[in-house]
Amino acid sequence: MRTVGVEEELLLVDPETGEPQALSAAVLARASRCEEAEQPPVFQKELHNQMLEFATHPQTGMGELGAEIVRIRGEAARHAQETGCAVAALATSPLAVRPSVSRGRRYQWMADQYGIATREQIVCGCHVHVSVGSDEEGVAVIDRIRPWLSVLAALSANSPFWQGKETDYSSYRSRVWQRWPSAGPTELFGSAERYHGRVADMVATGTILDEAMVYFDARLSARYPTVEVRVADVCLHADTAVLIATLVRGLVETAAREWEAGLDPLDHSVSLLRLAGWRAARSGLSADLLHPATMRRTRAETVVRALLAHVEDALADSGDLERARASCAELLKVGNGSRIQREVWERTGSLREVVTTCVRHTQV
């Protein structure tokens, strides 16, 4: 069974006011003192000092993956509390923030190169790694999962506010993320050789620093033998993160089987894929999405069911089908993080209350 790992970015906030706090260095210092010396560090610094990143171990069981996400979120909360802040699984800050870029050559290069796009890029995502047997298989997977990634973005949407204002988007994080020059959907590659050639050409322009700065919606990891899917907002609840990981593994396995069977990928243009991504960011689960097969507006519930049907065999073989169906049904009924944030805002009229409520939800 393919292994799955998750990387999550969390926002550091004042537990009383909800305002983002530039305390990542202090949180990381405390975490490093508590981590076992023989284990690789769980927490890492991110582009901005108001953010904290962690990565799980590769897992084969979704129950184990979920338990690890909950455990690490709890550890992050304890380390943050000791330094006078709290962690929130929010993809953007509802309250106004003046981000401060972390120290380091790489981050300084980005600030110099991209200007305000770097300074304002305080967004938190959820990245899912799924193991593949080779780069050739990985690129075949990337080519075949492209149309379905917008559905993952809609399910995970958790960023309706930006700099103290309602954006009218469910995932405004994804719109901010698109400011990076290498971000977004890709054309069909057809082979690992063509994929690596395209990446080398991009690095050779000098517009990006290295391969790790290729921010495709789905890419070959520069560090691990995995396909890395990068479209999701950080999810308010750990259960939603597990659902996204489950669906990503299902998509990877389904695509690999299609490749082995000689089935061609859907040849949607990048232009249409961008529109699908925009529609998912705008609507989340609250209105129509673009159907991955037809690229026509379709009810969100119908599109989610189409995704489940597409990966049904893979999920059944891994024992994840019923849990994925139940999780999707719950999201469609109760709402994703974006809907929950808006409900708090509509009830209280306080963005501070939105943040403090989400701090509590982060460890549920």
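## Cysteines

Cys328 counts as buried, at 1% relative accessibility. Buried means under 20% relative accessible area, exposed means over 50%, and partly exposed lies in between, using a 1.4 Å probe and protein chains only. This is a predicted model: local features need pLDDT of at least 70, side-chain atom pairs count only at pLDDT 80 or more, and totals for chains, interfaces and linings use all residues. Residues are numbered from 1 along each chain as its sequence is written, and side-chain values use heavy atoms, with hydrogens and water left out.

A disulfide is a covalent bond between the sulfur atoms of two cysteines. Here it is scored as a pair of cysteine sulfur atoms within 2.5 Å. How many disulfides does a search of the whole structure find? It finds zero. Cys328 is in no disulfide either: the nearest cysteine sulfur belongs to Cys235 and is 12 Å away. Cys85 is buried too, with a relative accessible area of 4%.

## Salt bridges across the chain

Side chains of opposite charge can pair when their charged atoms come close. A salt bridge is counted when a side-chain nitrogen of Lys or Arg is within 4 Å of a carboxyl oxygen of Asp or Glu. The structure holds 24 of them. One joins Arg2 and Glu137, at 3.1 Å from N to O. Arg2 sits in the segment before strand 1 (4–13) and Glu137 in helix 5 (residues 135–145), so the pair ties together parts that are 135 residues apart in sequence. Helices (H or I, at least four residues) and strands (E, at least two) are DSSP runs, numbered from the N terminus. Both Arg2 and Glu137 are buried.

Another salt bridge pairs Arg223 with Glu7, and their closest N and O atoms are 3.4 Å apart. This pair links distant parts of the chain, 216 residues apart: Arg223 is in the loop between strand 8 (218–220) and strand 9 (226–233), while Glu7 is in strand 1. Glu7 is buried, at 9%.

## Helix 14

Glu343 and Arg339 also meet in a salt bridge, at 3.1 Å from N to O. They are four residues apart in helix 14 (residues 337–348), so about one helical turn separates them. Glu343 is partly exposed at 33% relative accessibility, and Arg339 is partly exposed at 36%. Elsewhere, salt bridges that share partners join Arg2, Glu137, Glu253, Arg257 and Asp317 into one network.

The buried residues of the helix include Ile340, Gln341 and Val344. Strand 6 (161–162), strand 7 (165–166) and helix 15 (351–362) are among the elements that cover the buried residues. Here, contact means heavy atoms within 4.5 Å. Gly349 follows helix 14, and its phi is positive, near 70°.

## Strand 5

Why is strand 5 (residues 125–131) described as largely enclosed by the rest of the structure? Seven of its seven residues are buried. Both faces are covered: Gly125, His127, His129 and Ser131 lie on one side, and Cys126, Val128 and Val130 on the other.

Two strands pair if DSSP finds at least two bridges between them. Strand 5 pairs with strand 1 in the antiparallel sense, over five bridges. Val4 stands opposite Val130 there. Strand 5 also runs antiparallel to strand 9, joined by six bridges. Ser131 has Thr226 of strand 9 as its bridge partner.

## The nonpolar core

A nonpolar core is a set of buried Ala, Val, Leu, Ile, Met, Phe, Trp, Tyr and Cys residues joined through side-chain atoms within 4.5 Å. The largest one has 115 residues, and those with the most contacts inside it include Val128, Leu247 and Leu307. Helix 9 (residues 238–260) gives the most to this core, with 12 residues. Leaving aside neighbours within four places in sequence, Leu307 is in contact with Trp148, Val151, Leu152, Leu155, Leu247 and Leu251.
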